[in-house]
Structures are given as C-alpha cells and as structure tokens.
Amino acid sequence: MAGNQETTSIEDLLNKNLSGVELDEATRILYGKKLEKLNLSEEAHKLAESADFELAGYIFEAKPEQTRAARKVRIGAIQNKIVAPTTESVATQRDALHSRIGVLIEAAALSGVNIVCMQETWHMPFAFCTRERLPWTEFAESAENGPTTLFCKQLAKKFGIVIISPILERDENEVIWNTAVVISHTGEVIGKTRKNHIPRVGDFNESTYYMESTLGHRVFETAFGKIAINICYGRHHPQNWMMFALNGADIIFNPSATVGGLSEPIWPIEARNAAIANHVYTVAINRVGTESFPYEFTSGDGKPAHKEFGHFYGSSYVAAPDGSRSPGLSRIRDGVLVAEVDLNACRQVKDSWGFRMTQRLDLYAKELQEFIKPDYKQNILKEL
Ligand SMILES: NC(=O)NCCC(=O)O
C-alpha cells in the first residue's frame with residue numbers, strides 16, 4: 001500500500017528480518033557503510049522520551065589530512081507532525097508548532113548540534129492542496145521580523161546554533177514566497193533564500209500561492225561551514241543542487257513536504273545522488289503524519305474529492321559525498337536526526353574521483369545556451 005502508516009521504517013524491516021552477517025552485508029550495499037552511532041547526552045534522550053520523539057545520531061568520518069585540521073560539524077534535521085487541528089485559528093496552530101519545535105530544537109542543542117533545519121513551511125499545515133486563500137495565506141509572515149523568525153532568533157542565540165527556518169514568507173510588497181531564513185548562532189538573520197522550482201503535481205497546488213525565487217543560488221557562510229537550502233521540489237532538478245555546490249556549499253539542506261503515493265521510492269535516491277554528484281553533504285527532511293482539512297479538494301486526476309493530503313512519510317536522512325548515508329528517521333513519528341560530519345570529506349571525494357576536472361561545465365554551458373533558443377534543433381543523427 002502506498003504510504004502505509006504502519007511501517008515504521010525500512011531499517012526496522014531490515015532489522016526485524018535480517019541479522020548478523022546478512023544484516024551487515026545488506027547495510028553495506030544499501031547504505032555504503034555502517035556508520036558509528038553518536039553518543040548523545042542522557043538529557044537529550046530523556047527529553048526525547050518524555051516528549052515522545054525519536055532521537056538518533058551517526059558519525060560520518062573523513063580521512064586525516066596533513067595540512068588541514070578536521071572540520072567537524074554537527075548537523076540536526078527535525079521532522080514533525082502538525083500539532084493543532086487545521087480547524088483551529090492561525091495563531092493557535094502556529095503557536096502550537098512553535099512550542100513543539102522549541103522542544104525538538106532544545107534536544108538538538110543538548111546533542112551538540114551546530115546547524116539545525118526544520119521541514120518545509122514548518123510553522124503551518126501544508127494547506128496548498130486546498131487552493132483556498134483564507135485562512136492559509138494568513139500564515140505568511142515577514143522573513144526578517146515575523147513571529148516565527150523572532151522565535152527562532154531567540155533560540156539560535158540561547159543555544160549558539162545556526163537555525164534554518166523554512167517558512168511561507170510575505171514580503172514588504174505583499175508578495176508571497178516559499179522561503180528559508182538562515183539565522184546565525186548569534187541570533188541575527190544572515191539572509192534568506194527562496195524556492196526555485198514550484199510543483200504542479202497531484203495535490204501540490206503551490207503555484208496558486210507563491211512565486212518562483214529570483215534570488216539565484218545563495219550560499220550562507222556560517223560559523224560552522226558554508227550551507228545552502230534546496231527547498232523540496234527543487235531536489236528533482238539536478239542543476240539546482242549543482243549550482244548551490246558550485247557556489248561553494250559544503251552542506252545542502254532539502255526541507256521538504258512530500259507524500260507516500262507520490263515520491264517515497266525516489267526519496268532515498270535523490271538527495272543521496274546529489275551528495276555524490278556534487279561532493280557535498282545533503283540533508284533530506286520530510287514532514288510526518290496525515291493532515292486533514294475542513295473542506296474537500298480535488299487533485300485534477302478524476303479521483304473523488306478528499307479532505308486528507310495523504311501520508312507524509314518522514315524518513316529524513318543525511319548523505320555524504322562518498323555516497324554513504326544515515327538510516328532514516330521514522331516514517332510515522334516526530335524526530336531529531338543528528339549527524340557529526342567532517343567537511344573535509346567534500347574535497348577528498350572531489351580530488352579522488354577527479355570530478356572537478358572531468359565535469360566539463362564549459363561544454364554544457366555552450367550546449368545549454370543553444371538549447372534554450374526557441375529554434376533549437378535536437379542534435380540527432382540517423383541513417384539516411
Ligand atoms: N512541497 C513540494 O514541493 N512537494 C512536491 C512533491 C515532491 O517533490 O515530492
């Protein structure tokens with residue numbers, strides 16, 4: 001069944017059905033290698049238990065270098081369900097999410113996380129399926145001083161961590177965007193980036209609500225490394241990942257909201273492939289749970305009108321430039337995933353494969369220039 005809500009995770013299925021050498025071999029082939037588990041603080045584990053969320057941590061190693069010290073950074077990925085029903089007021093729903101995420105960020109901080117990222121538009125239900133404007137557009141807020149940014153700023157300062165806060169933004173000209181705000185460990189906003197590619201598939205009627213980014217492929221230099229954010233549907237566009245990497249990102253976060261029926265089999269591939277192809281760490285973060293809306297909506301596919309979006313399957317994970325990846329978080333529970341990574345691995349993989357030399361960007365730049373012309377003729381030869 002697509003998006004079965006009973007299956008906890010693929011790792012759970014493997015662990016229940018394989019053991020010993022067979023489990024080790026399946027792990028090696030599926031995950032690249034078996035990662036060491038990260039010892040997280042007892043306080044963080046206690047918090048996870050009392051507040052009912054998963055907490056897991058893994059270590060990604062790089063080789064020691066003679067001329068550079070290791071550059072170890074702890075990354076946190078947070079996935080969660082909405083808290084209050086979608087029939088509650090906008091403020092009630094948003095405040096309930098703030099309280100919940102406050103606890104998960106605290107667990108990340110207790111786990112030594114330096115940079116944490118939440119899921120796409122984490123401060124609201126994923127209401128774009130409805131195509132109704134009110135009340136959903138009322139969730140849109142200023143990226144610089146809206147309530148969600150103010151909330152994150154005080155947490156970033158309190159814990160000394162960088163927070164990536166993906167929100168629905170309303171700018172000073174009343175234009176709405178799908179945005180990620182990057183807040184420094186000092187509590188100040190470094191800047192924002194916006195979603196480049198907007199889905200028009202199934203119930204993802206997002207082009208009804210907000211505009212495509214005009215900000216390009218910004219990279220943010222934080223105290224803990226250079227980071228970029230490829231928001232959700234952008235992960236299907238390899239050039240989007242590539243441009244963030246070419247602009248110097250070491251870690252590319254992919255805050256998402258996607259459902260089982262649409263994308264679950266491709267989820268483990270896309271961000272992982274991007275890590276290999278672009279010699280960066282990638283962090284794929286998805287929502288969890290089933291969100292239900294007050295009025296029925298249709299998907300334009302002949303199927304009956306419905307009130308539920310489908311199952312957001314979580315399964316957030318981190319992938320490394322060498323192609324190894326962490327196990328995913330649960331498909332059904334809130335969770336905090338912690339990964340200790342050594343950023344030196346990015347250049348090590350680039351050098352050992354020679355990717356930067358073999359990339360031939362000049363070739364593609366020239367061909368793409370031609371391809372975008374309206375009179376472009378495909379370069380196909382055939383027998384006469
Ligand atoms: N939020 C979003 O862009 N979802 C589109 C569905 C997908 O990319 O899997």
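Around the ligand stand 14 residues, and of these E120, K195, C232, H236 and T258 come nearest, where a residue counts as near if one of its heavy atoms lies within 4 Å of the molecule. The model is a predicted one, in which local features need pLDDT of at least 70 and side-chain atom pairs count only at pLDDT 80 or more, while totals for chains, interfaces and linings use all residues. Residues are numbered from 1 along each chain as its sequence is written, and side-chain values use heavy atoms, with hydrogens and water left out.

The shell around the ligand divides into 7 nonpolar, 3 polar and 4 charged residues; here Ala, Val, Leu, Ile, Met, Phe, Trp, Tyr, Cys and Pro count as nonpolar, Asp, Glu, Lys and Arg as charged, and the others, Gly among them, as polar. Polar contacts, meaning pairs of N or O atoms within 3.5 Å, include one from a polar side-chain atom of K195, which lies 2.8 Å from an oxygen atom of the ligand. A polar side-chain atom of R235 lies 2.9 Å from a ligand oxygen atom, whereas Y233 brings a backbone N or O atom to 3.4 Å from an oxygen atom of the ligand. The protein covers 99% of the 280 Å² of accessible area that the ligand has on its own, as computed by the Shrake-Rupley method with a 1.4 Å probe.

Helices here are DSSP runs of H or I with at least four residues, and strands are runs of E with at least two, numbered from the N terminus. Helix 4 (residues 90-110) has 21 residues and reaches 30 Å from its first C-alpha to its last, close to the 30 Å expected at 1.5 Å a residue, a span taken as 1.5 Å times one less than the number of residues. Among its buried residues are V90, L97, I101 and L104, buried meaning under 20% relative accessible area, exposed over 50%, and partly exposed in between, with a 1.4 Å probe and protein chains only. Their cover includes helix 3 (42-50), helix 5 (147-159) and strand 17 (335-342). R94, also in helix 4, is buried because its relative accessible area is 16%, and R94 touches H123, F139, E141, P147 and T148, not counting residues up to four places away in sequence, with contact meaning heavy atoms within 4.5 Å. Just after helix 4, G112 takes a positive phi of about 80 degrees.

L246 belongs to helix 6 (residues 238-246) and is partly exposed, with a relative accessible area of 35%.

Key
A polar contact is a pair of N or O atoms within 3.5 Å; within protein, one must be able to donate a hydrogen and the other to accept it, and residues adjacent in sequence count only if both atoms are side-chain atoms.
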